[in-house]
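Colleague: I have this one open on my screen. Can you take me through the side-chain contacts?

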Amino acid sequence: MSKQLLKSATSIGANVEEASAAQSKRDFISKMSIASKEARETKYWLRLLEDSEITKIEVSNHLNEIRHIINIITEIIITAQKNINNTEL
């Protein structure tokens, strides 16, 4: 479980970093969408960790943070999609 959490959590930042060097707006949205999926997977692993009580580590703060990250990435994607739609008119 810890390996899966580490993989998904670090993938968020890697995909956001790749998005910053995107070749197009569509490429940017694609990379940010992958980051969003990885953030949601991270939230899943954190919830599972919390519910399983495998560890004494308090994960509620981490869950709040990942929810905040998901919201930010979602807003970025929505804004980028609106920008594409406005330029295609």
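Modeller: A salt bridge here is a side-chain nitrogen of Lys or Arg within 4 Å of a carboxyl oxygen of Asp or Glu. By that rule the count comes to 2 salt bridges. This is a predicted model, where local features need pLDDT of at least 70, side-chain atom pairs count only at pLDDT 80 or more, and totals for chains, interfaces and linings use all residues. Residues are numbered from 1 along each chain as its sequence is written, and side-chain values use heavy atoms, with hydrogens and water left out.

Colleague: What does glutamate 18 form a salt bridge with?

Modeller: Lysine 31, with the closest N and O atoms 3.9 Å apart. Glutamate 18 is in helix H1 (residues 2–19) and lysine 31 in helix H2, so the pair ties together parts 13 residues apart in sequence. Helices are DSSP runs of H or I, at least four residues, numbered from the N terminus.

Colleague: Which side chain meets aspartate 27 in a salt bridge?

Modeller: That of lysine 31, at 3.2 Å from N to O. Both residues lie in helix H2, 4 residues apart, about one turn of the helix. Salt bridges with shared partners join Glu18, Asp27 and Lys31 into one network.

Colleague: What about asparagine 15, buried or exposed?

Modeller: Asparagine 15 is buried, with a relative accessible area of 9%. Buried means under 20% relative accessible area, exposed over 50%, and partly exposed in between (1.4 Å probe, protein chains only). Asparagine 15 lies in helix H1. Setting aside neighbours within four places in sequence, asparagine 15 is in contact (heavy atoms within 4.5 Å) with Lys31, Ile34, Ala35 and Glu38.

Colleague: Changing topic, where is threonine 42?

Modeller: In helix H2, residues 25–52. Threonine 42 counts as buried, at 4% relative accessibility. Beyond its neighbours within four places in sequence, threonine 42 is in contact with Leu5, Ser8, Ala9, Ile12 and Ile66.

Colleague: How many aromatic pairs does the structure hold?

Modeller: It holds 1 aromatic pair. Tyrosine 44 and tryptophan 45 form that pair, which is edge-to-face, 4.9 Å centre to centre with 70° between the planes. Rings of Phe, Tyr and Trp (its six-membered ring) pair if their centres lie within 6.5 Å; planes under 30 degrees apart count as stacked, over 60 as edge-to-face and the rest as tilted.

Colleague: And is tryptophan 45 buried or exposed?

Modeller: Tryptophan 45 is buried, at 15% relative accessible area, whereas tyrosine 44 is partly exposed, at 39%.

Notes. Helices (H or I, at least four residues) and strands (E, at least two) are DSSP runs, numbered from the N terminus.
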